[in-house]
Amino acid sequence: SASGDGQGGRVFAAPSARRLARELGVNIAAVDGSGPGGRVTESDVRAAAESDDASDDGTD
Amino acid sequence: MVVGDVTTGTDVLVIGAGPGGYVAAIRAGQLGLDVTLVERDAYGGTCLNYGCIPSKALISATDVAHDAGDAEEMGIYADPAVDLQRMVEWKDGVVDQLTGGVEKLCKASGVNLVEGRAEFAGEHTARIVHGGEGQGSETIEFEHAVVSTGSRPIEVPGFEFDGEQILSSREALALDAVPASMVVVGAGYIGMELSTVYQKLGCDVTVVEMLDDVLPGYEDDVARVVRERAEALGVDFHFGQAADSWEEAGDGITVRTEDEDGEIAEFGAEKCLVAVGRQPVTDTLNLEAVGLEPNEDGFLETDHEARTDVEHVFAVGDVAGEPMLAHTASAEGEVAAEVVAGEPAALDHQAIPAAVFTDPEIGTVGMTEDEAAEAGFDPVVGQFPLRANGRALTLDERDGFVRVVGDDDSGFLLGAQVVAPEASELIAELALAVEMGAQLEDVAATIHTHPTLSEAVGEACANALGEAIHTLNR
Amino acid sequence: MVVGDVTTGTDVLVIGAGPGGYVAAIRAGQLGLDVTLVERDAYGGTCLNYGCIPSKALISATDVAHDAGDAEEMGIYADPAVDLQRMVEWKDGVVDQLTGGVEKLCKASGVNLVEGRAEFAGEHTARIVHGGEGQGSETIEFEHAVVSTGSRPIEVPGFEFDGEQILSSREALALDAVPASMVVVGAGYIGMELSTVYQKLGCDVTVVEMLDDVLPGYEDDVARVVRERAEALGVDFHFGQAADSWEEAGDGITVRTEDEDGEIAEFGAEKCLVAVGRQPVTDTLNLEAVGLEPNEDGFLETDHEARTDVEHVFAVGDVAGEPMLAHTASAEGEVAAEVVAGEPAALDHQAIPAAVFTDPEIGTVGMTEDEAAEAGFDPVVGQFPLRANGRALTLDERDGFVRVVGDDDSGFLLGAQVVAPEASELIAELALAVEMGAQLEDVAATIHTHPTLSEAVGEACANALGEAIHTLNR
Ligand SMILES: Cc1cc2nc3c(=O)[nH]c(=O)nc-3n(C[C@H](O)[C@H](O)[C@H](O)COP(=O)(O)OP(=O)(O)OC[C@H]3O[C@@H](n4cnc5c(N)ncnc54)[C@H](O)[C@@H]3O)c2cc1C
Ligand SMILES: Cc1cc2nc3c(=O)[nH]c(=O)nc-3n(C[C@H](O)[C@H](O)[C@H](O)COP(=O)(O)OP(=O)(O)OC[C@H]3O[C@@H](n4cnc5c(N)ncnc54)[C@H](O)[C@@H]3O)c2cc1C
């Protein structure tokens, strides 16, 4: 997936998904996107928040 | 507490009422915080009073006159006369309406407005200094501060602004007559916008620039379209020339420049506009008192929450670094206010569009092809020439293009460069696309209204996919 | 096979080279199909020759003259003279450039171009009929056909177009002098665009309309902005008036109208433009031979693949129903070509934007508030007035607004209505947002360049969320 750090800091997710990630304390750059091209969706963010991997405990 | 020496308290002290500061103040007020906004000069800052708005007002008004005078091919015969003083008065009216609006909006959000210069007096204390007479000083205790003191034009040694012969952009936007001739030092966006205006108003403009083309930072083919249009208007360019000195000569002045071999050239003119860039304003603040100092470029460094090294002090806008643009200032101002209010806001914008209001305009967002390659993407480029766009022809425009840069693997749109009439508006769709993580296909498959310039945006994306209709696909 | 009676075969026969047909042909060619495109009149169809492009060319050129003559407040003194004949010649040059481009693009995609009228002669056979002389006929065997025969102006009984006194839009776009006065029957978008042009060119325009406001189908507050601007320009409106008859009177004509109570009114003018709508063209085709007939409104009905009831025959553009717009025709043409080529294409567009090039312009996409409520959404509306937008003021524009309609539950953007200068371009961002399923928040959080009209788009979305900066939130 093209998302994540390293490529000019680009994150491929809508602002609404990024805001949700901040609210849930999820590091969106570490989420694998299921959307077209690897875009991170709101449900990807929610799924990541349930699992521990991408969560940074809200201390961003 | 004695009379004339008042202490008040506030949740958020915002210093400077430009688009960074006043937006921070309004948002903080909306979020229920007690906000004090201090401005030493004029609400709206550089942007509304001496920058974006005055320049765009004069550009647009000038175009109304110039376009009509240059349209015989369309069957229009006109020889418009321009009264610059009246045009500037009209521009002042626009500015007054907008700055009055800012004041009203601040009040409606419950922001306390204070006139004067704010300087830090301690970690949580600032003093309001009023000009001249000893009216006593006011002290403000604050929980959080937002520094939004903006920037000022850089002076070239030997070319101190005098408002008469050596002008900054601010003074060039308030002349009461069109000079017969003008040397413009610097072909950055401000120099190019104003050169175009004055040349169109009938002034003989000579541009001297140290680098080898206009608009450093823009790609060659983007800059070329703007340079060639300016040349066609009669602007005289001299590249590789550094401003050296000037002296009075007859009714006007002689500006001396030096090239890299030390050769001197001389340019006579009535006035000289120096537009070589802007530098952050931090010397009005007594920064040490709050425990801050600027970095080596003079900016206050901030993190993704717009926070400085001092946890309760934020910095937004031109004072906080590049890109020095009004909409960046406002976006940062909003984030600072929201962070202070405890919201999970962050400066994680993927797309910061920028526009240059030359003829034609430029709009850019995100990455160029080179930048995409450097960032590790596999760039695929799509382009659509304006001369193949019906709407452009109906506007009698043929120069320019829309270019988009995508990632071949994922299909994501990474950036765009537009040189076209209304490029400043066309870039909005592309900025949304980049910000949302759209793919080239998403933009190409969206129906674009006919006949519009925006169709070129859709076609450039289709071209990147080998599917454009109105241009050959590579 | 005898000389003068040739039979050829083709994968795809496209009938009519407007924006529906020529786009279908180019796309089919790109996809490797053998394509034959038949046009009886001019490449580019109504749109390029007699519609979108000519009208926008005259609107833009007229504005160049009119704006300069109306800018004393900005310090601009001009009294432009317009030579309409030369303006029309310039417009013809624009048209020629574009139609020549269409021809070249078709050839570059391998499309066989045939001049003449195509009519069906059987399920897989068509005849090409050439005007007048008996040149022998050509027969084409086709696998698939795309019908893109467009539309023509509706005639009001008693007002047959004569090109002299009773004009259709086509003729009104090719006059060689500005009439002293004109009655325009119909205040739809074509009537309003042309009324505005002629009034600005110095013609005394009287508009008679059967309904009770301009631009039926648009919301009241949208139509009002355009009507009031037209009134300010001097256009004289008479609503609730049905065109009844006309007669010659002195140098000109008298047009008689009737209101719902049977009262007759009379309007004198030099010419009368009838612009009451357009109807599909199906009578050129000998449709029965292929087994098709129009529905009761005269259109060919199609499914989500642009396919008619006859499996191998497609119909696109104005002949296939509302909305009768050039970009709809092109979008349908692309889908038809892709379906023929076996691609999984479909007419599943969520957003079909539309623009009206009045003063100011209108741009709309998706649902209005009422439509959203009817569709079962819980509409939330955001609005931003143009007079609070800095860029608008620098263009000396204050009237109009950007309105967005979202769904309160999901946050999805459902539609937008824009009345503003450049509304035709501003709608592009909103169309992309609707097409992509963006939320109000996504548009509001996207940075919009300052100073641009597009900022009003971002702020309208923010306003729907109660977070606009430059207007009060409800
Ligand atoms: C000619 C010109 C054209 C421009 N055109 C554009 C354009 O088209 N688009 C664009 O995006 N940008 C444009 N800019 C840049 C834009 O003006 C700035 O990016 C923007 O104004 C930055 O906003 P700010 O709030 O950071 O600072 P400013 O607007 O500079 O405001 C800072 C304010 O702080 C006040 N201040 C400073 N120190 C103190 C203190 N100690 N106490 C109280 N008040 C203080 C100042 O008086 C000033 O009002 C242009 C600039 C110029 C000069
Ligand atoms: C004044 C005016 C302004 C307009 N402005 C706009 C605008 O700004 N935006 C917009 O989207 N739309 C606009 N329209 C509408 C737009 O022109 C139509 O929607 C568009 O042209 C439809 O395209 P089409 O391909 O379906 O048909 P057309 O463009 O009508 O093309 C049909 C072609 O088929 C040919 N033809 C017909 N029968 C046969 C046959 N049997 N054999 C061979 N050839 C045949 C015709 O000669 C014609 O060239 C405007 C229309 C008018 C009149």
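Predicted model: local features only at pLDDT ≥ 70, side-chain atom pairs only at ≥ 80, totals over all residues.
One salt bridge joins Arg229(B) to Asp399(B), whose closest N and O atoms are 3.2 Å apart.

The domain assignment of chain B places domain 2 at residues 166–276 and domain 3 at residues 353–465, while domain 1 is made of two stretches, 7–152 and 279–341. Taken over C-alpha atoms, the centres of domain 2 and domain 3 of chain B are separated by 30 Å, and their contact takes 13 residues from domain 2 and 17 residues from domain 3.

Together, domain 2 and domain 3 of chain B bury about 1,300 Å² between them, with 60% of it on carbon and sulfur atoms. Which three residues supply more than any other three of the area that domain 2 buries against domain 3? They are Tyr218(B), Glu219(B) and Arg229(B), which supply 41% of that area.

## The interface between chains B and C

Chain B and chain C bury about 7,200 Å² between them, 65% of it on carbon and sulfur atoms, and the contact takes 89 residues from chain B and 89 residues from chain C. Across this interface there are 26 residue pairs in polar contact, both residues being at pLDDT 80 or more. On the side of chain B that touches chain C, helix 11 (residues 423–436) of chain B gives the most, with 11 residues, and the residues of that side divide into 51 nonpolar, 18 polar and 20 charged.

The count of salt bridges between chain B and chain C is three. Among them is the pair of Glu361(C) and Arg391(B), with the closest N and O atoms 3.9 Å apart.

## A glycine in chain C

Gly122(C) lies in the loop between strand 6 (117–120) and strand 7 (125–129) of chain C. Is this residue buried or exposed? Gly122(C) counts as buried because its relative accessibility is 13%, which is under the 20% limit. Leaving aside residues up to four places away in sequence, Gly122(C) touches Phe142(C), Ala289(C) and Val290(C).

Technical notes:
Residues numbered from 1 in each chain as written. Chains lettered and ligands numbered in written order. Heavy atoms only, no water. Domains from an automatic or database assignment. Contact = heavy atoms within 4.5 Å. Buried area = accessible area lost by both parts, 1.4 Å probe. Salt bridge = Lys/Arg side-chain N within 4 Å of Asp/Glu carboxyl O. Helix = DSSP H or I, 4+ residues; strand = E, 2+ residues; numbered from the N terminus. Buried < 20%, exposed > 50% of the residue type's maximum accessible area, 1.4 Å probe, protein only. Polar contact = N/O pair within 3.5 Å; in protein donor to acceptor, adjacent residues only side chain to side chain. Nonpolar A, V, L, I, M, F, W, Y, C, P; charged D, E, K, R; others polar.
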